[in-house]
Amino acid sequence: MSLLKKSHGFIMKLAIVFLAIFAAGVSASLTKADTTFLGRQLRVLYLLKNLSEPLQDEDLLALRASFNPETCKDYFNNPETLELFIHEMKRGSLLGREEIFSLFDAKHRYQVKLLFNALMSAKDWSHFMGLSTYIRDKMNHRQFLYAFSTALLHREDCRGIKLPPAYEIIPQMFLTTDVVRRAYQAQMQGKPTLIPMSFTGSVLNPEQRVAYFGEDVGLNAHHAHWHMDFPFWADERKDRAGELFFYMHHQLLARFDAERLSNHLPPVEPLQWEKPIVEGFAPGAVYPGGQEFPVRPDNMFFQNLPERTVADMIEFENRIRDGIDAGMIRDKNGVVVFLNNTEGIDVLGSLIESSTSSLDPRYFGSLHTDAHLLLSRVTDPKGKYGMTPGVMEHFETATRDPAFFRLHKHIDNLFKEHKDRLPPYTYDDLAFPGVRITALKVVGESKASDPNVLVTYFDESYIDLGNAVQGKPVSIRAVVSRLNHEPFKLVATVYSDKNTYAIARVFLAPSKSWFDEDIQLDEARWSMIELDRFPVELRIGSNLITRRSIETSVTASEPLSYPELMKKAKSAFQGESVFEVDTLHRHCGFPHRLLLPQGRHQGMDFKLYVILTDLKTDLHSTFEHPYVMNEIPALSYCGVLDGVFPDIRPMGFPFDRRIIHSNNFQQANTKVIDVTIKNVKYQ
Ligand SMILES: *[C@@H]1O[C@H](CO)[C@@H](O)[C@H](O)[C@H]1NC(C)=O
Ligand SMILES: *[C@@H]1O[C@H](CO)[C@@H](O)[C@H](O)[C@H]1NC(C)=O
Ligand SMILES: [Cu+2]
């Protein structure tokens with residue numbers, strides 16, 4: 001159900017007060033948590049605590065004692081799934097606790113899907129949690145965590161409940177071996193410890209210069225959550241999930257290339273099936289069970305897997321390419337589906353992601369999923385040496401490997417081929433008659449800042465390791481250096497000849513290539529980083545628009561740490577403080593601290609675009625409330641959980657199509673300015 005349909009009255013009432021609080025950047029979906037909510041929030045935190053140890057919380061143990069899958073069937077909408085899952089469990093075919101769970105393994109995934117469907121079909125909270133407690137200690141704990149978290153993120157009665165940061169539930173999956181080892185030592189000594197974590201690789205490896213991005217724990221958590229919000233294997237699919245698959249990865253690539261350029265590295269090269277994978281990767285990490293992640297040496301070739309050969313991949317890809325060329329494909333029933341239109345990208349996205357919405361997985365294969373597998377297993381394709389799956393096989397570890405970005409560059413080029421075949425936007429497509437941006441600047445929020453200069457820096461961020469090492473409760477944390485930026489605001493003066501609403505679309509792209517040459521707009525467009533997308537009200541005459549970076553629709557704010565979250569929920573439960581619930585909260589958002597690319601010490605030139613389009617035509621017709629886009633957190637990369645995506649333009653508009661006449665981009669409703677991003681050292 002859409003946000004609007006469900007809570008129309010609520011939103012209309014809010015619309016009145018909204019104008020007032022909008023300026024302060026407060027989300028309208030905040031309410032004060034009651035004790036029912038807080039009790040549930042706490043139970044979730046206790047359930048996931050010490051995940052590798054048996055359940056300890058008294059209330060959860062009581063709930064478990066009262067749950068019997070044989071007699072609870074009436075409390076599940078889909079008792080057959082529950083039965084099937086319990087059957088798998090009873091015949092001992094569930095994945096063992098010491099085995100390594102991989103979503104890319106069809107059998108593991110089958111079990112996940114049964115459990116997820118059973119959890120989703122629980123008619124009430126207590127049966128959802130009842131089944132969760134019942135199964136927690138009987139199955140592989142990473143597999144449990146994945147199925148439970150994904151169900152929690154999709155269940156309507158769990159809206160607003162927070163999961164601890166993914167990197168604090170099973171920290172091993174986000175940290176390097178030396179940090180994990182030192183955490184164990186610290187635990188044995190029983191003293192509070194702060195363990196510095198450095199990025200993998202040595203100065204000999206140029207890729208190391210951008211490891212701070214691919215290894216950022218927040219980025220990895222974002223990627224893991226994105227794939228939980230949009231599981232490729234789930235029967236129910238969200239609006240425009242295929243297009244979002246394209247767009248989120250496309251944006252990650254644009255970001256990665258901007259980080260590379262900031263560090264004087266050329267754009268990432270796409271992988272090719274028949275060419276060597278030039279950069280190797282040594283993750284320097286261990287699974288929670290202690291098994292090491294495999295190392296991939298430089299210049300390996302793709303290898304055939306028992307279930308999928310390199311030749312298959314090339315064949316599937318050729319079929320997809322033929323479809324792109326023809327502007328149409330046939331679905332599994334032979335029915336023609338056109339790709340040469342605005343919706344084509346969504347069809348293509350599902351086909352390449354190979355989700356359950358793929359129109360013919362048998363004919364087009366599972367390009368993205370199998371590519372991850374081929375990379376993950378490249379060092380032991382036949383399983384001859386019993387090597388563990390590589391980082392590419394887990395969404396929470398994949399972006400560490402530079403090959404992740406190379407693979408996605410390859411996939412992104414397929415999407416580009418498709419987009420390049422669509423007609424460029426016409427003057428009218430881009431126009432907003434009567435609306436003119438007369439002035440535009442970005443300014444830092446601190447008084448001393450120069451206009452159009454944005455500042456980034458590295459600062460320390462802490463990761464609680466309590467869940468990695470059990471024993472006496474002492475504070476053991478890892479400390480990592482992470483990219484961050486000074487808050488800034490966008491200030492625009494807009495002249496309008498009518499009272500109306502606009503959507504402001506804000507993009508940023510490097511001005512100069514690796515060769516220090518100006519980048520032409522038709523090339524720069526594919527490197528555009530979306531910075532923000534927001535509704536604005538325009539009144540006749542001159543309007544001053546101010547938008548703070550913290551309000552952006554692209555990112556999510558830093559999550560509370562596991563101990564902080566626990567403390568806040570406990571104290572609110574005891575009535576000692578107020579705990580705010582945001583029912584629209586998303587775990588998926590791109591980390592806010594990474595909003596801006598690093599830039600350079602001496603300053604790096606970027607172009608910043610603002611395009612105003614007509615909200616009346618661009619807002620999906622199910623929404624009447626003009627500010628709805630402001631209320632959905634992390635909209636740009638994470639879409640919506642319920643209902644339709646509010647912006648009907650293609651994602652990345654207007655830079656998603658070829659730009660032949662750059663004059664079309666010099667219309668009054670568009671403005672571009674030069675900005676400089678400076679990376680400073682505060683220590
Ligand atoms: C897509 O291609 C078909 C067949 O070539 C054509 O009839 C149709 O008009 C095209 N659609 C668009 C939106 O260009
Ligand atoms: C986690 O384990 C530690 C000791 O191993 C224990 O002190 C603590 O109470 C446990 N936490 C929960 C929520 O079960
Ligand atoms: Cu991904």
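1. Helices (H or I, at least four residues) and strands (E, at least two) are DSSP runs numbered from the N terminus. The structure is a predicted model, in which local features need pLDDT of at least 70 and side-chain atom pairs count only at pLDDT 80 or more, while totals for chains, interfaces and linings use all residues. Residues are numbered from 1 along each chain as written, chains are lettered from A and ligands numbered from 1 in the order written, and side-chain values use heavy atoms, without hydrogens and water.

2. Ser121 belongs to helix H6, which covers residues 106-121. Ser121 counts as buried because its relative accessibility is 6% (buried is under 20% relative accessible area, exposed over 50% and partly exposed in between, with a 1.4 Å probe and protein chains only). Its side chain reaches the backbone nitrogen of Asn78 at 3.2 Å.

3. An α-helix has 3.6 residues a turn, so residues three or four places apart point the same way. His223 is buried because its relative accessibility is 0%, and His227 is likewise buried, at 2%.

4. Arg240 is found in the loop between H12 and helix H13 (241-262). Although this residue is not a glycine, its phi is positive, near 55°. Arg240 counts as buried because its relative accessibility is 14%.

5. Is Asp516 buried or exposed? Asp516 is exposed, since its relative accessible area is 54%. Its place is the loop that runs between strand S9 (500-510) and helix H20 (521-524).

6. Ligand 2 is surrounded by Tyr46, Lys49, Asn50, Gln56, Gln470 and Gly471 (a residue is near a molecule if one of its heavy atoms lies within 4 Å of it). A polar side-chain atom of Gln56 lies 3.5 Å from an oxygen atom of this ligand. On its own, ligand 2 has 360 Å² of accessible area, of which the protein covers 66% (Shrake-Rupley method, 1.4 Å probe).

7. The aromatic pairs number 32 in this model (rings of Phe, Tyr and Trp, the last by its six-membered ring, pair if their centres lie within 6.5 Å; planes under 30 degrees apart count as stacked, over 60 as edge-to-face and the rest as tilted). The pair Tyr287 and Phe293 is stacked, because the ring centres are 3.9 Å apart and the planes stand at 20°. Tyr287 and Phe293 are both buried. Elsewhere, a cluster linked by ring pairs consists of Trp226, Phe230, Phe245, Phe246, Tyr247, Phe415 and Trp526.

8. Helix H15 (residues 344-353) is largely enclosed by the rest of the structure, because 9 of its 10 residues are buried. Among the buried residues of H15 are Ile345, Val347, Leu348, Leu351, Ile352 and Glu353. After the helix comes Ser354, which has a positive phi near 60°.

9. Thr555 lies in strand S12 (residues 555-556) and is buried, because its relative accessible area is 7%. A polar contact joins the side chains of Thr555 and His592 at 2.7 Å (a pair of N or O atoms within 3.5 Å; within protein, one must be able to donate a hydrogen and the other to accept it, and residues adjacent in sequence count only if both atoms are side-chain atoms).

10. The loop between helix H24 (635-638) and strand S16 (670-680) contains Pro654. A cis peptide bond, with omega about 0°, joins Phe653 to Pro654. Ser662 also has its place in the loop between H24 and S16, and Ser662 counts as partly exposed because its relative accessibility is 29%. Along the chain, Ser662 and Asp522 are 140 residues apart, and their C-alpha atoms are separated by 8.0 Å.
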